Structures are given as structure tokens and as C-alpha cells.
Amino acid sequence: CSLHLLANLDVNECSGASVAAANAKLLADEEEREIKHLVASIIDYQMKKLYSKLEHFAKLLAVGG
């Protein structure tokens, strides 16, 4: 804990605040990893859709061309 916190809180309160802050950081890191995973999944899905459309367009050009 910072000196400012120590001046205003007793040791037990400071330890509790430190544990709460550490837990919040772990949760935030976990959420960030989950968001990155979901974004990567969305991008992968969108790229597959794009390639499928491009293949379909190429086939249409080959038939009509």
C-alpha cells in the first residue's frame, strides 16, 4: 500500500485493499484475454465469409466470362 493509504488505514484494512486490488487486476486481465479471443474468433469468421464470397464471385466470373 502507498504511504498515503497507510496514514489513513490500519494494516488490516491496507492488506484487504491490496488483496482486493490484486483480485481486480486478475479479473481484468482474464476479461482482456477473453475479449481478445472473441475478437480473434470474429475476425476469423468474417475472413472465412469473405473468402467464401470471393470464391463464389470467381465462379460467377468463370461461368459468365
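Accessible areas in these legends come from the Shrake-Rupley method with a 1.4 Å probe.

**Figure 1. Overview of the predicted protein chain.** In this predicted model, the protein chain exposes about 5800 Å², of which carbon and sulfur atoms supply 66%. Its secondary structure consists of two helices and zero strands. Of the 65 residues, 2% count as buried.

**Figure 2. Nonpolar surface patch containing Val39.** Val39 belongs to helix 2, which covers residues 11-64. With a relative accessible area of 41%, Val39 is partly exposed.

**Figure 3. Salt bridge between Asp29 and Lys25.** The two side chains meet at 2.9 Å, N to O. Both residues lie in helix 2, four residues apart, about one turn of the helix. Asp29 has a relative accessibility of 23% and therefore counts as partly exposed. The model holds three salt bridges by the count applied here.

**Figure 4. Salt bridge between Lys36 and Glu32.** The N to O distance is 3.4 Å. Lys36 and Glu32 are separated by about one helical turn because they stand four residues apart in helix 2. Lys36 is exposed, at 55% relative accessible area, whereas Glu32 is partly exposed at 41%.

**Figure 5. Salt bridge between Asp44 and Lys48.** The closest N and O atoms of Asp44 and Lys48 are 3.3 Å apart. These residues are four positions apart in helix 2, so about one helical turn separates them. Asp44 is partly exposed, with a relative accessible area of 40%, while Lys48 counts as exposed at 53%.

Terms used
Residues numbered from 1 in each chain as written. Predicted model: local features only at pLDDT ≥ 70, side-chain atom pairs only at ≥ 80, totals over all residues. Heavy atoms only, no water. Patch = residues over 30% accessible without salt bridge, like charges linked within 9 Å, V, L, I, M, F, W, Y side chains within 5 Å. Salt bridge = Lys/Arg side-chain N within 4 Å of Asp/Glu carboxyl O. Buried < 20%, exposed > 50% of the residue type's maximum accessible area, 1.4 Å probe, protein only.
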